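Reader: Please show me the model, and then let us go through its chains.

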Amino acid sequence: MADQTSTTNAWPANSVPTDLIPPGRKRLGWALMAAATLGLLATILVQILYKSEVGTIGFETWRPVVYAYILWGVALGVGQVLTRGEDGQRALFLLPALLFTIAMVIFPTLFGFYIALTDWNLSSFSGRKFNGLDNFWQMLGDPYYRNALFNMVLYVLAVFVEYVIAFGLALLLNAQIRARKFFRVVFLMPLMLSPVAVSWMIGKSLMEYRFGPAATLARHLGWENPAFFSNPITARISIMVLDAWTFIPFMMIMLLAGLQAMSREVLEAARVDGATPWQTFWQVTFPLMLPVSVTAVILRIIFKLKLADIIITVTSGGPGGATDSVSSFIYREYRDRSNVGYGTMLAMAYLIIIVVFVTWLLKFASRFVRNVN
Amino acid sequence: MSVQTTDYSASEIRSPASFLANRVFIYGALIFWAFICLFPIYWTITTSFKTAVDVTQGHLIPFVDFKPDWKGWRSLGLSPDSIFQTSTVREEFLKRFMNSVITSVGASSLAIVIGSLAAYGLTRYRYHFAWFKNEDISFFFLSQLILPPVVLALPFLVLYREVGLLDTRIGLILLYTLMVLPIVIWIMRDQFNSIPVELEEAALVDGLSIWGAFFRIVMPIALPGMVAAFILAMVLCWNEYFFAALLTSTDAKTIPVMVASQTGSQGINWWSMAALATAAITPLAVIGIALERYLIMGMTAGAVK
């Protein structure tokens, strides 16, 4: 980032001083932004009054407020250019993404914190009822939620096994082999496939108890009763395997890129000094790969924390909630009881746990690597 | 010099036997993993041509073990003999397919447009929004990657109901854009950082405006990166299930939701399920093979410095 600072500062020629903009144009810009803001606030106010049955005019849905927000965003952009010239044009690069993300994340998250404090069953007519911290106390005593959180720990730990396999595959692909491109495409394939389709292809048909090939193979290998999803421990392992199958290529590709970016001379030097391949790997390759490894593992953990599709479609949490991830548990909690309030409380608690955990993880990782962002 | 290099390789190989063992191990491992990657796909495709008996007896190889049959595809209305007849299943499938295409292309395009602009701004200019500086804004965008879908899903369910976006493709497009935006910004920031600033300086001296320089000079150079980001975003949107399952019911249902709803029902035929799964994964499998270079480019952006 530091180098960009200097480059912008080295461009005094093109930054038109703001006082070159005629005052009329400035006034027009300010007026436009003020009008748009007033319009947005007025729309919201009218709608609130209408919905709370104080006002008589208004709209059936809140959609006009969305349109008003979009118009406000456009007016803000035009106003920036009018009042601030080139600086405004620069701000225009960032504004769309910023306004979009704020509208789509900040507002719903704040709204979510409010919903979390209500008792709100979408299918009942009584509507929402503020019930303070009731959901929170219920959550603390919920054994299924605790179990889901514990499962997330197990699923995250499985990332390290995936990492070892992915590293092995990356080393294989980086070796002197023929048909490298073919193998790379094939190894990448699982990542392309939709997890839902994979759930059926592997979870529901290959691992099918009666005549799935995986079950048949397991019988041949001496496992008499290959029920992959009936016992809590094997079911968890099966879910981990399914998820690993889909996502190992992701880490593999990143590690492969790291291996290919490594300078040949270092490895040559190690070889000349008489290091065995084993020593070369642990003393040279692995330490040099540490930054890439950390990035790959952290990204993979972040994706792992969102794990839901496979569990929802293969086991729907079963047997007895043993395989639930937090996301799939909340999904079922909503689907089965349509209790938005409690589900949101669980989700918000999970969000806070994740933010704390990932922040710690990044701090911890930055001890190994300076440049992880 | 050449003598020396052969010396190195000789010392590396040590003996023909160990060289051979090394090769056998490497290719054995490669073929083993290729089998693991491909077998489920092979199994699904062949199962879509099986009849009940072939499934229960675990036949594996078409023409040798069993006689391929169009049964699975006929139930989808996609076999040669049923393709010209009306089929409600096929219409349903095509509708879901189009929903998937529209939402994933729409969301990826929107994310590319606003994400590239933001990434360009962040790599080239200094911003101050209140107490936020560039680093904070970048972190704000990238931190969205951490946000699990489940946190937004229920608030959005309620909000979309109020706004009238529930079960619409626009609603899904907006959410998917949000989902892939951090990744697009990550990739594009890396791209723009690798383009020398001198190019734009020259363009500005030649009288182009800031936006003119962006469109005429920078965009053509960054195009491969945009394609990479677009394809990666496409893959993620196409495969997304969680939001689609919660926020769509009849109109905007996507392919993954259709596949999942079929697996849930009891007594579903394996062959038609296999045909449906094959149809659902084919588009991305083709993209994966044809555009593998861009996918890898997108995934490795920013990872290796």
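Author: This is a predicted model, in which local features need pLDDT of at least 70, side-chain atom pairs count only at pLDDT 80 or more, and totals for chains, interfaces and linings use all residues. Residues are numbered from 1 along each chain as its sequence is written, while chains are lettered from A and ligands numbered from 1 in the order in which they are written.

Reader: How far apart are the end C-alpha atoms of residues 172–189 of chain B?

Author: UniProt, in an unreviewed entry, includes residues 172–189 of chain B under "transmembrane region"; such annotations may be inferred rather than shown by experiment, and positions follow the numbering used here, with feature names shortened. The span is 100% helix and 0% strand, helices being DSSP runs of H or I with at least four residues and strands runs of E with at least two, numbered from the N terminus. Its end C-alpha atoms are separated by 26 Å.

Reader: What is the distance between the end C-alpha atoms of residues 28–50 of chain A?

Author: The unreviewed UniProt entry lists residues 28–50 of chain A among its "transmembrane region" spans. Those residues are 100% helix and 0% strand. The distance between their end C-alpha atoms is 32 Å.

Reader: Which helix gives the most residues to the side of chain A that touches chain B?

Author: Contact (C-beta atoms, placed from the backbone, within 7 Å) links 84 residues of chain A with 84 residues of chain B. The most, 16 residues, come from residues 86–115 of chain A, which form helix α4.

Terms used: Two residues are in contact if their C-beta atoms, placed from the backbone, lie within 7 Å.
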